[in-house]
Amino acid sequence: MSGAAAPGRTARPRRLGAAIPVAALGALLWAPAAHAAPPPGASSCSGCHGVAGGAVPALAGRPAGEIVADMQAFRTGARPATVMDRIAKGFTDEETRAIADWIAAGSRANAQP
Ligand code: HEC
């Protein structure tokens, strides 16, 4: 008698559907709607910015206003970028502000040791 039978989960079809935008980056940015804490898109920043010693500058300890200003400069093209111009264009001012506040408040995007 081995009592532990599988609970009989039915496979839930996970449809990613056709809603996924062109770029994989876009998908990254819009995905994390399930988490309550970070505003939409915020947790995607840590994928690049949270890597200690990486080529991408860390956002740790950066004031929200500075992040917002940088993002606006990337969006308008005032500041040259390799990827941030495209990323910044994916967010409205409000979203950018929410993300910046979240990061400045010491979020996981900072990936502090
Ligand atoms: C695909 C990797 C990637 C992701 C995701 C990403 N960044 Fe960046 N970020 C970069 C790179 C690379 C740079 C340097 C500028 C460039 O080449 O685009 C940068 C630069 C920046 C800068 C300027 C930093 C400095 O010291 O000058 C800010 C602010 C910034 N990113 C904010 C964000 C925010 C906010 C998010 C999330 C919405 C984000 N980034 C997501 C790669 C990324």
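Guide: Ala, Val, Leu, Ile, Met, Phe, Trp, Tyr, Cys and Pro count as nonpolar, Asp, Glu, Lys and Arg as charged, and the others, Gly among them, as polar. With that sorting, the shell around the ligand in this predicted model divides into 12 nonpolar residues, five polar and one charged.

Visitor: Which residues come nearest to the ligand?

Guide: Cys45, Cys48, Ala81, Thr82 and Met84 come nearest, out of 18 residues around the ligand. Two or more residues of that shell are given by each of helix H2 (42-49), helix H3 (64-76) and helix H4 (84-89).

Visitor: And which element gives the most to the shell?

Guide: That is H2, which gives five residues to the shell around the ligand.

Visitor: Stepping back, how many helices and strands are there in the protein chain?

Guide: The protein chain has five helices and zero strands, and of its 113 residues, 20% are buried. Among the contacts with a separation of 6 or more, 60% join residues 24 or more positions apart.

Visitor: What about H5, how far does that helix reach?

Guide: Helix H5 takes in residues 93-104, 12 residues in total, and spans 16 Å from its first C-alpha to its last, which is close to the 16 Å expected at 1.5 Å a residue.

Visitor: Which of the H5 residues are buried, and what do they pack against?

Guide: Thr96, Ile99, Ala100, Trp102, Ile103 and Ala104 are the buried residues of H5, and they pack against H2 and H3.

Visitor: Which residue takes a positive phi just after H5?

Guide: Gly106 does, with a phi of about 90°.

Definitions and conventions
Residues are numbered from 1 along each chain as its sequence is written. This is a predicted model: local features need pLDDT of at least 70, side-chain atom pairs count only at pLDDT 80 or more; totals for chains, interfaces and linings use all residues. Helices (H or I, at least four residues) and strands (E, at least two) are DSSP runs, numbered from the N terminus. A residue is buried if 20 or more other C-beta atoms lie within 10 Å of its own, exposed if 12 or fewer, and partly exposed in between; C-beta atoms are placed from the backbone. Two residues are in contact if their C-beta atoms, placed from the backbone, lie within 7 Å. A residue is near a molecule or strand if its C-beta atom, placed from the backbone, lies within 6 Å of it. The expected span of a helix is 1.5 Å times one less than its number of residues.
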